[in-house]
Amino acid sequence: MSVSRLLFFCSIGLATAHIPVQRTIAARDSEKVSRNAPAESSITFSSVHVDGPYIAITFDDGPSATLTPKLLDILAAHRIKATFFVIGENVVEHPEIVARAAREGHEIGNHSWSHPNFGKMSDEGVRGQVQRTDDAIKEATGTRPILLRPPYGSITARQKRWIHDQFGYQIILWDVDPYDWKRPGPSVVRNRILKETQPGSIVLSHDIHPGTIEAMPSTFDALEAKGFRFVTVSELIQAAVPQPPPSPGTHESLPATITPSPSKSIAPSPASSPKG
Ligand SMILES: [Zn+2]
């Protein structure tokens, strides 16, 4: 294990010990947050190392007037808690759907106001996108979110830090991507998720595509049959445990547990990578 990894896992233990699921006023105190100056790797997660069969399934880009209520019914029938990364414009269109999701125990995260590419925007532009959506979620649910997923996963390292400092957000990416936005059909979506999901995974999908919703009952059945247990993203992060060092002579077979701290973030364009 590298020194930076070791430091990360030490810091994540400290960080998670102090971050409640429901963000408090204190967490928005930027002076207090920046004094702790957490490493970027404790701000950003594409998966989490956990000791147990825990996974988080996430649904982006909603709420959808028709599909999100259907999905909420399916989740309720399976007693599964999910995380919704919502678009601010859609939240103000259908605040009652977001309120229902929150009331039924799902986590609501910020996915921007209108789904632009943060990596290509000014700080002021990004700040407006984040703040308006933060306000819309608070208005709909009574609670401010503590998670942000940048559209397309596009965000610079510097943006991550100031968004964390100013809003108290953790930045959530994913390690399982069924490419459901390409609408490949329910069975393909299900099979991709089943093939890639492992303990600690954060699964990306979208509750604005009919095929994704259609895929979910059998996907949930199959994941449950494999022994996986669904938690929200914040719960998954709180369940993080230090990763043991790899045995000598073996390779780490898991995908990158945590997004590394690149000196320069990659900002894919929507055209080349229309996901997230
Ligand atoms: Zn999205």
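A residue counts as buried if 20 or more other C-beta atoms, placed from the backbone, lie within 10 Å of its own, as exposed if 12 or fewer do, and as partly exposed in between. The model is predicted: local features need pLDDT of at least 70 and side-chain atom pairs count only at pLDDT 80 or more, while totals for chains, interfaces and linings use all residues. Residues are numbered from 1 along each chain as its sequence is written.

**View 1. The chain has ten helices and eight strands.** Helices (H or I, at least four residues) and strands (E, at least two) are DSSP runs, numbered from the N terminus. Of the 276 residues in the chain, 43% are buried.

**View 2. Helix α9 covers residues 210-225.** Gly 227, with a positive phi near 95°, follows α9.

**View 3. The buried residues of α9 pack against α3 (67-78), α8 (186-196) and β7 (202-206).** These residues are Thr 212, Ile 213, Ala 215, Met 216, Thr 219, Phe 220 and Leu 223.

**View 4. Val 86 is in contact with residues that include Val 98 and Ile 137.** Contact requires C-beta atoms, placed from the backbone, within 7 Å. Leaving aside neighbours within four places in sequence, the contacts of Val 86 also include Gly 62, Pro 63, Val 91, Ile 108 and His 111.

Note on methods:
Expected span 1.5 Å × (residues − 1). Contact = placed C-beta atoms within 7 Å.
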